[in-house]
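Biologist: Please guide me through reading the contact between two chains in a model.

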Amino acid sequence: KFDSSSPSSSSSSRVKLPTAMDPNLANNPQLIQFLSQEKERAMANEVVAKITSSCWDKCVDKPGSKFSSSETSCLSNCALRYMDMTMLIMKRFQQQ
Amino acid sequence: MDSYSSSSPPMGASPSPEALMEQIQAQLAEAYAKELIETMREKCFDKCITKPGSSLSSGESSCISRCVDRYLEATGIISRSLFSQQR
């Protein structure tokens, strides 16, 4: 019902790998750990990008030469409230 | 093959794990930057170009410069807000 597969426009889907690859590389523990770290980093990056996009719209009216303290607190509060909301949504969804 | 001084192997040959990791990191960094730039284009166009004229006014240009700076700053604020908070 819900398609939770990774979005086609995410950064990680734009990485091109060399055409000839030693199949043993798939078992290389260094590479495996590296890929899992980069995957986490890519996911974190995506979350930050999405939240920044939404919170920018909510908190910034016209870009000035620096942020006011209210803009700064709006942005950091916004990010935290977004995460609170995410947990609430999941909780509620699981209750259905 | 001894004449190659760089870490990247000839085209078609299998890269070392280190070279592969380097390549992947470089491509990811490029992809992240591209995405960020695309987002900023959208956001700054919306905020700064309210009435498109026959050229970019100096007001619009400085707005765009500020917008890029602020958006990058906002990204940092949000990143720190989320990832230096341990729950």
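**The interface of chains A and B**

Modeller: In this predicted model, the side chains of B:Lys43 and A:Asp57 form a salt bridge, with 3.0 Å from N to O. A salt bridge is a side-chain nitrogen of Lys or Arg within 4 Å of a carboxyl oxygen of Asp or Glu.

Biologist: How many salt bridges are there between chain A and chain B, and how many residue pairs in polar contact?

Modeller: The count is one salt bridge between chain A and chain B. A polar contact is a pair of N or O atoms within 3.5 Å; within protein, one must be able to donate a hydrogen and the other to accept it, and residues adjacent in sequence count only if both atoms are side-chain atoms. Between chain A and chain B, twelve residue pairs are in polar contact, both at pLDDT 80 or more.

Biologist: Which elements of chain A give two or more residues to the side that touches chain B?

Modeller: Helices are DSSP runs (H or I, at least four residues), numbered from the N terminus. Here the elements are α1 (29–59) and α2 (69–95) of chain A; α1(A) gives the most, with 18 residues.

Biologist: How many residues of chain A are in contact with chain B?

Modeller: Contact means heavy atoms within 4.5 Å; 49 residues of chain A touch 38 residues of chain B in this sense.

Biologist: Which conventions apply?

Modeller: Residues are numbered from 1 along each chain as its sequence is written, and chains are lettered from A in the order in which they are written. Local features need pLDDT of at least 70, side-chain atom pairs count only at pLDDT 80 or more, and totals for chains, interfaces and linings use all residues, while side-chain values use heavy atoms, leaving out hydrogens and water.
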